[in-house]
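Biologist: Could you take me through one part of this model in some detail? I would like a close look at a sheet and the helices packed around that sheet.

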Amino acid sequence: MKKLLNDIWYLALRRIRPTFREPMAIIISMLQPIIWLLLFGNLFKVIVEVPGFSTDLYIEYLLPGIIVMNSLFIGIYTGMGTLNDINTGVMERFLVLPINKIAIILSELVQVIILLLAQFISIILLALIMGARLPFNFYSIVIFLAIPILLGLAVSALSISLALITRKHESMIGAMQFFTLPLMFLSSAFMPRELMPSWIRVISTINPVDWAILGAREILSSEISWFAVMANGSLVFLFGGICVLISLRSFRVFQSSI
Amino acid sequence: MLPNDEKKYAIEVNNLVKSYKNSIKALDGLTFNIRTGIIYGLLGPNGAGKSTTVKILTTLSRPDSGEAKILGIDVTSQPDKIRSLIGCVSQKSGICFDSTGRENLMLQGQLYGMRGNNLKNRVDELLKIFNLEESANRSTLTYSGGMLRKLDIAMGIIHKPQILFLDEPTTGLDPEARSTLWTTISNLSKKEKVTILMTSHYLEEIDRLAECVAIIDKGKVVIEGSPRELKEELEGDIIKIELQKNYSDKISDIEATLKKQQNVKEVMIKNKELKLLVSHGSSILPYVLQSIHSLSIDIMSVEVIPPSLDAVYFQHTGKNIEN
């Protein structure tokens, strides 16, 4: 067990080190969510006057959505690193080492957690500057960060699976373009469920992105319904567990194809 | 010292069979044994089964049937044990390009369970042996092909394995880098007593480094022996003649005429190419050319190939290795 944790950490460091060596890369990867926060935050400022919003500041409504969107964008990109490892022979080298194969996948997820945390904190600070009032205490901020991170891990695991099975850049990019925006718009990131057309509302209930958004947004409401937090959080957790199992299964498929 | 069987052979491969999904048989009853402490060469063209053999022995892939043992341990049933005993430098470089040379070595050592000063000293030692000290802290993106290959090998031996697999170690290198690597590999075998299994399609490389070589074709060992034995056994040259056109109607005539001469041991005709296995190639060449001419066959070019592994390879597989 200790060997496994050590291996995960050393493998994760391999990814984390170069990222922090060039902090610009982190900033660039955050640009999109920041632009969305600024643009949407300003564009739809007055929308909160429509009844159905939980808050009178759109930026407060938008923040969980932008955070989750970041998870989605970063997560879906994780498989690119795996694909690169496969193409450069790094994956084969790892496979002949005396390490547990789970460490290879979990190390990618550790890196995602660290990257997401760094970005979430910056986004929250920006939202505060833009006037959001965030009634956090220690527990609520931990949960507020944990749910989107769980979603990020789930999406990362799926992205890694896709890389292991297709081994093609095209399919990775295709998946990114096809899924990211629709998943965002089929959620309550920008608009509460009450104001959605009914077919979108139906889809949003089975959209893991929306589970994460609802779970995180509940933390920001004046009277937190812990039931809603736990229900949505558990759904995301369950989804994440399934995704990690899928990625382990994909790893076996990949190994038998060598 | 009692030479028992386990000590005698570092690697035992018995009747390995492996097919891929597209039903191509990569290995078809491959069998060979490697004595402890030697460099053993696997020679063959692309697709002969060299890489598949290495993949099975390094636990990356499983055979359909057959048995492979390293230091007496079964490869398929105890892969975890095997992994800490062997080092592997595969055909594709396994270097992380967003790390420095030193970071690559450190990570490799850490994953083998090495820690602290033990690891640090070993990394320094390897950087020195492979002459990579100056560039150790630079990104590997800036390395030349030769430097990358050296780093690959350094990573493969960081944990001082008893068995090392080198899959096409010098492919894509310039002649100078290749010869430096040859010295390195031969030192590894002599000084560190590592048993090395090396695949290559460069005859020169195997000729120079390997104590024992197996020529494989279509997933089988065709012949095995030291490069010298193989060349001596051949006792002769190959005369390669390119004909003007395809004389398919005269094949039997050509064979009959040429075989009259005692020094001609074998005649092979394939399309426009005529190959003769002969002794004293240069002295019987005039006779050969005359006989062919007498059948009113036109010749484009002639080549006498002296005894070489290429000739050995050709004799046993009917193919040239270089393509």
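Modeller: Happy to! Two residues are in contact here if their C-beta atoms, placed from the backbone, lie within 7 Å. Helices (H or I, at least four residues) and strands (E, at least two) are DSSP runs, numbered from the N terminus. Axes are lines fitted to C-alpha atoms, for helices over the stretch in contact, and angles run from 0 to 180 degrees between N-to-C directions. This is a predicted model, in which local features need pLDDT of at least 70, side-chain atom pairs count only at pLDDT 80 or more, and totals for chains, interfaces and linings use all residues. Residues are numbered from 1 along each chain as its sequence is written, while chains are lettered from A and ligands numbered from 1 in the order in which they are written.

Now to the sheet. In chain B, four strands form an open sheet in the order E12-E13-E11-E14, with antiparallel pairing; strands count as paired if DSSP finds at least two bridges between them. Strand E12 (264-270) and strand E14 (299-305) of chain B are at the edges with a single partner strand each, so one side of each has no neighbour in the sheet. On average, neighbouring strands here are turned by 15° against each other, direction ignored.

E12(B) and strand E13 (residues 273-278) of chain B run antiparallel, joined by six bridges. Within E13(B), B:Val278 is the bridge partner of B:Val264.

Next, the helices. Helix H10 (residues 251-259) of chain B lies across E12 and E13 of chain B, at about 165° to E12(B). Helix H12 (residues 309-317) of chain B lies across strand E11 (237-243), E13 and E14 of chain B, and runs at about 70° to E11(B).
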